[in-house]
Structure formats: C-alpha cells, structure tokens
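Biologist: I would like to learn how to read strands, sheets and cores in a model. Could you take me through this one step by step?

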Amino acid sequence: VEHAQDPAFGKSDVNLTVAATATGVDRDYVGLFQEHPNIWSEIEQFTEMADGIDVSVAYTPTSRTVQIHSPQRGMRRPNLTIDLTKNLEDFSWTFDGEDASNAVVVLGNGDGSDREEANATQTDAFANGLILEEVYSAPQNTPTEALQAVADERLAVAVFPEVLQVNMRDASYLGRCNPGDYLPVRIRRGGLVIAEDYRIIKLTLTADDKVTLTLNRRDQ
C-alpha cells in the first residue's frame, strides 16, 4: 500500500493507510510497473498464498484503512444460530457443479516440463466414485514447499462449491456479526438438511431494514 502511493515512484496518494501486525511469514512479490496493476488486485495476491491472510477495509468519511487478519478474519459465534423456524424469512441454496472438484493439481512457478506440482484428492467426495479434476496455478512466487498446503486448501474448497443466501426477518444481526464469522445454520426443507457452521462472506442491509447474509461452508 505504501509503495503504491509513493511519489518517488511516480504514484499518487489515494488516501489508503494500513493497520497490520507482522505475521512472521515473509513473501516476495514482483509487480510489473508497465502493466499498471490495480492496487487491490495486487493485495489480493497475498490472500491466495499458502499461509496467506484475510484483508478488509475500514471506511470513515475521511479515511480508508486496509486491515490485515492472520490467519483469517472472523470468529465462531455459536450464540447467533440461523434457524429457518425462528429468524429466517427465506433462503436460497446453490451447488455450482462447474466449480466442483475432488482431484486438485496445483502447478508451481515456471512453464517448463520441470515445473513443480502438488496433488490432493478425495475420492469419496461425490457419489458413485466420480472424480472431477481441476488444474490450478499457485499464486505468484509460492514456494515449492508450500504447494501441498495450497493443494490441500483448494481441495477443501472445491469439494463444497455451495453458496447459501439467507434473508433474516429483521436487522438484529447487524453489528453482532461480520464477514469472516462462522455461525450455526439449521435449515430443514424437503430433502435439504443443513445443521453445521457456515462462514459469512457477504453481509447486506436491505432498503426495508433487513439483513441478507451470503454464506458458504469454506472461505472461497
């Protein structure tokens, strides 16, 4: 963030500051000046790395502060159960098969035949032994020794490519939970039975003073 606003490199101040505590994990990253990369796109590279971080921005009328959360943002809130019979107005559940995979190959840096890679597989994830493979390029400059960790985390996401959106009856959850938090969810409708923790990936206050939460079983 500091480099992206450094006048010594021909850059302009865009009113971004940082609130961060050192994570103890060093990362090298190269951004090419001639590509004029977007600041936020460059920051997001660090969220995808093994032992990466979560990032959020705190806004006030006069400031924008990039906040670093390591190893991830949020906490479990067992007292804020989402229950179809008690506090939900309605919901939608989506399983995106196009994003599903249970055999992940993560490619390391380079493009030659000697390119390092790591594999992670979960053969019992889908019915009838179905295997869906995904080839995934690790984030830029990921160390070779971290490729397996990236593959394992990517697999954990890919076997549950589902998104749950819940529309609360009111705004009572506003200010009591934030993106990144894990909440218990209890929904039983037809053949759909949900009884586990989901993570908030988006929180929206609607025009009629109600809260909509977008959730998934893994941070994606």
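Biologist: Which residue takes a positive phi in the hairpin of strand 11 and strand 12?

Modeller: Start with the terms: strands are DSSP runs of E, at least two residues long, numbered from the N terminus, and two strands pair if DSSP finds at least two bridges between them. Here five residues lie between strand 11 and strand 12, and Asp-209 has a positive phi near 60° in that hairpin. This is a predicted model, where local features need pLDDT of at least 70 and side-chain atom pairs count only at pLDDT 80 or more, while totals for chains, interfaces and linings use all residues. Residues are numbered from 1 along each chain as its sequence is written, and side-chain values use heavy atoms, leaving out hydrogens and water.

Biologist: In what sense do strand 11 and strand 12 pair, and over how many bridges?

Modeller: They are antiparallel, with six bridges. Lys-202, for instance, has Thr-214 of strand 12 as its bridge partner. On strand 12, Thr-214 also stands opposite Gln-165, and four bridges join strand 9 to strand 12, again antiparallel.

Biologist: How many residues lie between strand 10 and strand 11 in their hairpin?

Modeller: Two, and Gly-190 in that turn has a positive phi of about 60°. Strand 10 and strand 11 are antiparallel over eight bridges, and Pro-184 faces Asp-197 in strand 11.

Biologist: What is the order of the strands in the open sheet?

Modeller: The six strands run 4-10-11-12-9-5, with mixed pairing. Strand 4 (82-83) and strand 5 (88-95) are the edges, each pairing on one side only.

Biologist: Which residues have the most contacts inside the largest nonpolar core?

Modeller: A nonpolar core is a set of buried Ala, Val, Leu, Ile, Met, Phe, Trp, Tyr and Cys residues joined through side-chain atoms within 4.5 Å; buried means under 20% relative accessible area (1.4 Å probe, protein chains only). The largest one has 19 residues, and Ile-82, Val-166 and Leu-213 have the most contacts inside it. Strands 9, 10, 11 and 12 each give two or more residues to this core, and strand 11 gives the most, with four.

Biologist: What joins the side chains of Asn-167 and Asp-90?

Modeller: A polar contact is a pair of N or O atoms within 3.5 Å; within protein, one must be able to donate a hydrogen and the other to accept it, and residues adjacent in sequence count only if both atoms are side-chain atoms. Asn-167, in strand 9, makes one of 2.2 Å with Asp-90.

Technical notes: Buried means under 20% relative accessible area, exposed over 50%, partly exposed in between (1.4 Å probe, protein chains only).
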